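Reader: I have a structure to go through and would like to know what stands behind the words used for it. Can we take them in turn?

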Amino acid sequence: MTFAVIGATGQLGRDTLDALVARGVLASDVIAIGRNATALHEIREQGFQAVAADMNAQQSIESALSGVSELLLISGSEVGRRLEQHKSTIDAATRAGVRRVAYTSVLNAAAPGLLIAAEHKATEEYLVASGLAYTMLRNAWYTENHQQDFTAAATTGKIVSNLGDGRIATATRGDLAEAAAVVLAEKDKHDGTIYELSGDSAWNYHEFAASAAEVLGHDVEYIAVEDETYAQQLQSGGMPADTAGFLVALNANLRAGLLGTTTSDLATLIEHPTTPLPAIFRQWNAS
Ligand SMILES: NC(=O)c1ccc[n+]([C@@H]2O[C@H](COP(=O)([O-])OP(=O)(O)OC[C@H]3O[C@@H](n4cnc5c(N)ncnc54)[C@H](OP(=O)(O)O)[C@@H]3O)[C@@H](O)[C@H]2O)c1
């Protein structure tokens, strides 16, 4: 078996499976790995091999990777536990004889101050030290993280955020999945490379609101609030205090521009411009 994707049952993973097939990879040459039985069943129906395995259970990952050459390790979703899971997975990959691991990290993983960077940077370091061939896919903040703001704009004409004037160089999961598929399918061409995968341009919430207004055909007001006000608003919507605190702190990182850097790496890999806000707004508006 040539390819495996860990995290294949998630949103980025599902898009990556589709992108691999779109590039001519045979679905039967791909092992899709995750835990969600329903998603695994659907993926199997599409012709992929689908295997249940858990990064908390190393032997299950090692068995799933038997005979795999090229692995895409999509970072886990349990913040705080991910580093141990990733290390265990890299060890399992080594024992299973995997040739290369492509790892989905975060844009600017090496920059100081970014809350979510530490686990990614430490995983990157562990992967390099493992001696396996590697490719780092330092993924941008997803544009889809802001879909609910577009929905709010559509329904109330208002967007409230603590992002201030901060600029974010988001990219869609679809574009990032396409890049992951290119890197996986082209095998050793991308060995030892670190890609900083941003959208082609960065935007702030004033521009987001203006673009949403144009697509929606009505005024959209952006209301910039202080961190404390935003945290209270999230909690009054039912979010636990610690989750709200984490999101507010993350937004403060975004406000400071820590995920606002643009590069041409993503557009170069996928050989087309990245998806701009109005294009994805039109998709959301039609759905
Ligand atoms: N760039 C961004 O803006 C951004 C934002 C949020 C998160 N992320 C990171 O990007 C990753 C992919 O994003 P996404 O939107 O596709 O997330 P997602 O839809 O939540 O998918 C997460 C995937 O990770 C798998 N997973 C989690 N823990 C696992 C474990 N212990 N063992 C095996 N599989 C495990 C899940 O499998 P099951 O569902 O089958 O359990 C699922 O396939 C996230 O996991 C996170 O690390 C990036």
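Reader: Where does Asn108 lie?

Author: Asn108 sits in the loop between β5 and α5. Keep in mind throughout that the model is predicted.

Reader: What is the phi of Asn108?

Author: The phi of Asn108 is positive, about 60°, although Asn108 is not a glycine. Most residues other than glycine have a negative phi.

Reader: Which value does phi take in Lys187?

Author: Lys187 is not glycine either, and its phi is positive, near 50°. Lys187 belongs to the loop between α7 (173-185) and β8.

Reader: What makes Lys187 count as buried, partly exposed or exposed?

Author: Exposed means over 50%, buried under 20%, and partly exposed is in between. Lys187 has 37% relative accessibility, so Lys187 counts as partly exposed.

Reader: What is the order of the strands in the open sheet?

Author: Seven strands form the open sheet, in the order β3-β2-β1-β4-β5-β6-β8, and the pairing is parallel. β3 (49-52) and β8 (193-197) are at the edges because each has a single partner strand, so one side of each has no neighbour in the sheet. From one strand to the next, the twist averages 20°.

Reader: How do you know that β5 and β6 pair?

Author: Two strands pair if there are at least two bridges between them. Seven bridges join β5 (residues 100-106) to β6 (residues 133-139), and the two strands run parallel. The conclusion is that β5 and β6 pair.

Reader: Which strands does helix α1 touch?

Author: Helix α1 (residues 11-22) packs on the sheet and touches β1 (3-6), β2 (30-34), β4 (70-73), β5 and β6. The direction of α1 makes about 175° with that of β2.

Reader: And what does β1 pair with, and over how many bridges?

Author: β1 pairs with β2 in the parallel sense, over four bridges. Val5 has Ala32 as its bridge partner in β2. From β1, Phe3 and Val5 point one way and Ala4 and Ile6 the other way; all are buried.

Reader: Which residues of α5 are buried?

Author: Ala117, Glu119, His120, Thr123, Glu124 and Leu127 are buried in α5. Around the axis they cover an arc of only 165°, which puts them on the same side of α5. Ala118 and Ala129 are exposed on the other side. The buried residues of α5 pack against α4 (82-96), β5 and β6.

Reader: What makes His86 buried?

Author: His86 is in helix α4. The cut-off for buried is under 20%; His86 is at 0% relative accessibility, so His86 counts as buried. Leaving out residues up to four places away in sequence, His86 touches Met55, Leu73, Ser75, Gly76, Tyr103 and Thr123.

Reader: How far from the side chain of His86 is the backbone nitrogen of Gly76?

Author: The backbone nitrogen of Gly76 lies 3.0 Å from a polar atom of that side chain. A polar contact needs N or O atoms within 3.5 Å, and 3.0 Å meets that distance.

Reader: What makes the buried residues of α6 line one face?

Author: In α6 (residues 147-156), Asp149, Phe150 and Ala153 are buried. Seen down the axis, the buried residues fall within an arc of 105°, so they line one face of the helix. Gln148, Thr155 and Thr156 are exposed on the other side of α6.

Reader: What do the buried residues of α6 pack against?

Author: They pack against β7 (158-161), α8 (205-216) and α12 (277-286).

How values were computed: Residues are numbered from 1 along each chain as its sequence is written. This is a predicted model: local features need pLDDT of at least 70, side-chain atom pairs count only at pLDDT 80 or more; totals for chains, interfaces and linings use all residues. Side-chain values use heavy atoms; hydrogens and water are left out. Axes are lines fitted to C-alpha atoms, for helices over the stretch in contact, and angles run from 0 to 180 degrees between N-to-C directions. Contact means heavy atoms within 4.5 Å. Buried means under 20% relative accessible area, exposed over 50%, partly exposed in between (1.4 Å probe, protein chains only). The arc is that of the directions from the helix axis to the C-beta atoms. A polar contact is a pair of N or O atoms within 3.5 Å; within protein, one must be able to donate a hydrogen and the other to accept it, and residues adjacent in sequence count only if both atoms are side-chain atoms.
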